[in-house]
Structures are given as C-alpha cells and as structure tokens.
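These are my notebook entries on one protein structure. I set down what I looked up, topic by topic.

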Amino acid sequence: MGSASSRQRVRTMRQYVVLCMCALAIAPAAWSQRQVDDLGQELVDRFLTEVITLEGSFEQSLIDAGGEVVERTSGTLEVERPGRFRWAYTEPYEQWLIADGVNVWSYDVDLAQVTVKPQAEALANTPALLLGGGTGALEQFEYGGAVEEAGTTWVRMLPKDTDSGFVRLEMGFFDGQLSRMVFFDNLEQTTLVALYDVRINEPIDDARFEFAVPDDVDLVGVPATVDEALP
C-alpha cells in the first residue's frame, strides 16, 4: 500500500513539474506578444498625434486574389493633419487624389476627368482616414494586434464598417516611422505601398491641398460646401 501511494505521489509530482515547465515556456512568449501588441498600439497613437505633416515618394503594387501583380504605380504623397492630403500618381499614368478638408478630388489627367465627393463620405472607414485623419479616425477602426518581422512592427487595423470595400489595413513601422502599408479589400485583392524619402513635420505649401477644376475637363459629382462639411 505504502509503495503504491509513493508511486502515485511521484507521478503527481512529475505531472506538476511538467505543467510548471510548460507554463514557464509559454509565459515569456505571451509576455513578449503583449509587449509587441502594446508597442504597435503606441506606434499608431503616436503617428496620429505627433505626425502633423508627412511627405515622400511611394511605390504601389496591386495583387489579385491569385497572387499575381496586376499593376505597379508610383508617385508622391503629401499629408497635413487634420484632413488634408495629396496622393499623386506619376507612373505609368498621371492621376491626382486631393483631399482639401471638405471634398476629395480625383483628377485623371489622361482622361481629362475630375470626380468629386464630400470628404467625410469618401474617406469613411478607409485607410486614407488613418493616413490623413486625426485621433478621431481611430473611432472607425478596431486594433487587431501587431507582429515583429525583420525589424518592422506590423500593426493590424480593422474597419468597423466594411462598406468602403476594405476589410483590413496593416501599417508597417521601421524605427518608429511609417514605412509600409498593406490594404486588403473585399475582392481578395491586396495593395502594397512602400514609402521612401519620408519627411516628417516640415512645412507644406497650402496650395498643394487646393484644387481648381480645369476648364477643359468633365466634372462628375457635386462638391460639398464648408457649411455642409461641418458636423
């Protein structure tokens, strides 16, 4: 009897030791992931609160559901918070996307066509809102965690409403600075954007965020007025 009881106590002790070892192995990983998640959230918060202006160049790739690159574009980007940005494609075609704080203007130079939409409507729950909006932009997104990869902290943001066509945004920060963005849409397409020569909090001419419709182009849509844009 005593021998069986001793063996049982030994088995119980062994099980306890194994469980403790598993817990010790898991705990550092869980703690490390919490640290990465906290860092990711801090990086997004700092980007929205401390970056007032941002300008640089970008290269963009559109990847279809089968993993094939279907389009490559490049151009320049200028942002001034809150609510103003200029996203200008220069290759392989010229197109401007300008948010002036009231409207978003899309000017296709080759087609000689301008499309305008009220900014609040056009940017709701889109990646552009996080790029050019203020801290209030976070109200339209949920934080989805972060991962570290090759020195870049990738932060996942999920729109609360996917009617805009986007289901996920990942922001890549290197040395604390936004350097990559990946957009996932509801057609299973992926858009990768790499930023280069980024300059932060340097003055940008107000004229860069103004748009006057050229006389010789077609205008699609009706621009909102300042009074209509106010909440």
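The entries below go from the whole chain to single residues.

**Entry 1. Ground rules.** I note that this is a predicted model, in which local features need pLDDT of at least 70, side-chain atom pairs count only at pLDDT 80 or more, and totals for chains, interfaces and linings use all residues. Residues are numbered from 1 along each chain as its sequence is written, and side-chain values use heavy atoms, with hydrogens and water left out.

**Entry 2. Overall content.** I looked up the secondary structure and found four helices and twelve strands. Helices (H or I, at least four residues) and strands (E, at least two) are DSSP runs, numbered from the N terminus. The protein has 231 residues, of which 37% count as buried. Buried means under 20% relative accessible area, exposed means over 50%, and partly exposed lies in between, with a 1.4 Å probe and protein chains only. The accessible surface comes to about 13500 Å², and 54% of that surface belongs to carbon and sulfur atoms. These areas come from the Shrake-Rupley method with a 1.4 Å probe; for residues, only the protein chains shown count as cover. I also looked up contacts, meaning heavy atoms within 4.5 Å. Among those between residues at least 6 apart in sequence, 46% join residues at least 24 apart.

**Entry 3. The sheet.** In which order do the twelve strands of the open sheet run? I read β7-β8-β9-β10-β11-β1-β2-β3-β4-β5-β6-β12, with mixed pairing. Two strands pair if DSSP finds at least two bridges between them. The edge strands are β7 (141-149) and β12 (218-220), each of which pairs on one side only. The twist averages 20° from one strand to the next; the axes behind this value are lines fitted to C-alpha atoms, for helices over the stretch in contact, and angles run from 0 to 180 degrees between N-to-C directions.

**Entry 4. Strand β1 and its neighbours.** I followed β1 (residues 53-63) to β2 (residues 69-80), with which it pairs in the antiparallel sense over eleven bridges. Ile 63 has Val 69 as its bridge partner in β2, and Ser 57 has Thr 76. The hairpin of these two strands has five residues between them, and there Gly 67 takes a positive phi near 90°. β1 also pairs with β11 (residues 190-200), again in the antiparallel sense, over nine bridges. The partner of Leu 54 in β11 is Ile 200. Why is β1 largely enclosed by the rest of the structure? Eight of its eleven residues are buried, so the strand is largely enclosed.

**Entry 5. Nonpolar cores.** A nonpolar core is a set of buried Ala, Val, Leu, Ile, Met, Phe, Trp, Tyr and Cys residues joined through side-chain atoms within 4.5 Å. The largest one has 33 residues, and Phe 47, Trp 87 and Met 171 have the most contacts inside it. Helix α1 (residues 2-50) gives the largest share of this core, five residues. Leaving aside residues up to four places away in sequence, I found that Phe 47 touches Leu 54, Arg 81, Leu 130, Leu 131, Met 171, Phe 173 and Leu 178. A second, separate core of seven residues includes Ile 98, Trp 105, Val 116 and Phe 211.

**Entry 6. Aromatic pairs.** I found ten aromatic pairs in the structure. Rings of Phe, Tyr and Trp (its six-membered ring) pair if their centres lie within 6.5 Å; planes under 30 degrees apart count as stacked, over 60 as edge-to-face and the rest as tilted. Trp 96 and Tyr 107 form an edge-to-face pair, 5.2 Å centre to centre with 90° between the planes. This pair joins β4 (residues 95-100) to β5 (residues 103-108), its members being eleven residues apart. Trp 96 is partly exposed at 24% relative accessible area, whereas Tyr 107 counts as buried at 11%. Trp 96 also forms an edge-to-face pair with Phe 211, at 6.4 Å and 90°. Phe 211 lies in the loop between β11 and β12, 115 residues from Trp 96, and counts as buried at 15% relative accessibility. Elsewhere, ring pairs link Phe 58, Trp 87, Tyr 89 and Tyr 93 into a cluster.

**Entry 7. Glu 149.** Is Glu 149 buried or exposed? I found it exposed, with a relative accessible area of 52%. Glu 149 belongs to strand β7.
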